[in-house]
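Please look first at the structure and its sequence, shown just below.

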Amino acid sequence: MSTIDNLPPLRDVINTHDLRARKSLGQNFLLDLNLTAKIARQAGDLTGCDVLEIGPGPGGLTRGLLSEGARRVLAIEKDPRCLPALAEIADAYPGRLQVIEGDALEIDPLQHLTPPIRVAANLPYNVGTELLVRWLTPKDWPPYWQSLTLMFQREVAHRIVAEPGSKAYGRLALLAQWRADAQIVLNLPPEAFTPPPKVSSAVVHLTALPQPRFPADAAVLNRVVAAAFNQRRKMLRAALKGVAPDIEDRLLAAGIQPTERAEQVSLEAFCALARAVTAA
């Protein structure tokens, strides 16, 4: 039996159910249950919270979340091979684990969750960034979640917490820091996973702010920063020419010089630009 519950060690679970990680699904499994429990603790006090987990795989983090006291876990898993292993966890924690088979990009979790809600996941590499952007850019704020505790490739994690002027600064940093406090809380080497990925990983914890740091329309801000950093080597007047026909005037109205490049522009200035574009 494992050290955190009465279920078998994860390596035995993987062998029993023939769960080999699939690259096509962006899978890399964490087998150390002490480590998955440590990741679950980074999500804060889970007592009285529902937790959304994406891509649980054989259930290592799922077991960590449940053993750390989550009221309920909703696990969305695209790989049907993992469902029998997850069903065993559901049996061991009666009434506390719901598993939905499907694509997390297509499922509305709010139909199955009761606030307060936290999100914790070892995100599949191929959908992690898109899910994060969706969680950060709902039309209405505050969002349905209190916090996000997410594992990414370390390079992506650094992009989320990056500051203006740094090489990693870009769209993810702006969107994350606009509406949340973001910090890297744990670093993991490749050998922590099966199979070991080619890169290191990191866990990022984001806490939703009651209000965005600066006013802006989420869809417009997302569009502006995506265009700005898609051609980050260009001056903003060239990178953003498709955003508005009079983009130079809009840049100046936001206090931004049209000859600046995206990595030089602060979050506050980008929000001002989004407001100027909205008013166009």
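The structure holds one cavity of 30 Å³ or more, where a cavity is a set of points, on a 1 Å grid over the protein atoms alone, at which a 1.4 Å probe fits but cannot get out. The model is a predicted one, in which local features need pLDDT of at least 70 and side-chain atom pairs count only at pLDDT 80 or more, while totals for chains, interfaces and linings use all residues. Residues are numbered from 1 along each chain as its sequence is written, and side-chain values use heavy atoms, with hydrogens and water left out.

Rolling a probe the size of a water molecule over the atoms shows where empty space is left. The largest cavity contains about 40 Å³ of space, a volume being the space filled by probe spheres set on the grid points, which are joined across faces, edges and corners. Its lining, meaning residues with an atom within 4 Å of a point, consists of L7, P8, V13, P58, R63, A85, E88 and I89. Helix α4 (residues 83–92) gives the most to this lining, with three residues; helices here are DSSP runs of H or I with at least four residues, strands are runs of E with at least two, and both are numbered from the N terminus. By class, the lining of the largest cavity has six nonpolar, no polar and two charged residues, where Ala, Val, Leu, Ile, Met, Phe, Trp, Tyr, Cys and Pro count as nonpolar, Asp, Glu, Lys and Arg as charged, and the others, Gly among them, as polar.

A pocket, by contrast, is an open set of points with protein on both sides within 12 Å along at least five of seven lines. The largest pocket has a volume of about 410 Å³, and among the 32 residues that line it, L25, Q27, G55, N122 and P124 lie nearest its centre. The elements β1 (29–30), β2 (50–54), α3 (60–67) and β3 (72–77) each supply at least two residues of that lining, which is made up of 15 nonpolar, twelve polar and five charged residues.

One of the residues nearest the pocket centre, G55, sits in the loop between β2 and α3. Because its relative accessibility is 24%, G55 counts as partly exposed, a class that lies between buried (under 20% relative accessible area) and exposed (over 50%), with a 1.4 Å probe and protein chains only. Leaving aside neighbours within four places in sequence, G55 is in contact (heavy atoms within 4.5 Å) with I76, E77, N122 and P124.

Helix α3 also holds T62, which counts as buried because its relative accessibility is 0%. The side chain of T62 makes a polar contact with the side chain of E53 at 2.6 Å; such a contact is a pair of N or O atoms within 3.5 Å, of which, within protein, one must be able to donate a hydrogen and the other to accept it, and residues adjacent in sequence count only if both atoms are side-chain atoms. Not counting residues up to four places away in sequence, T62 touches E53, P56, V73, L86, I89 and L97.

Helix α7 (residues 171–179) is mostly covered, with seven of its nine residues buried, and its cover includes α5, α6 (154–161), β7 (180–188), β9 (201–208), α8 (218–230) and α11. Two of the buried residues of α7 are L175 and R179, and both are among the contacts of T137, along with A218 and N222, when neighbours within four places in sequence are left aside. T137 lies in the loop between α5 (128–136) and β6 (145–153), and counts as buried because its relative accessibility is 19%. The side chain of T137 reaches the backbone oxygen of V133 at 2.6 Å.

Lastly, the backbone deserves a look. Most residues other than glycine have a negative phi, and most peptide bonds are trans. A cis peptide bond joins P115 and P116, with omega of about -5°, and the bond from T194 to P195 is cis as well, with omega near -10°. D18, in the loop between α1 (10–16) and β1, has a positive phi near 50°.
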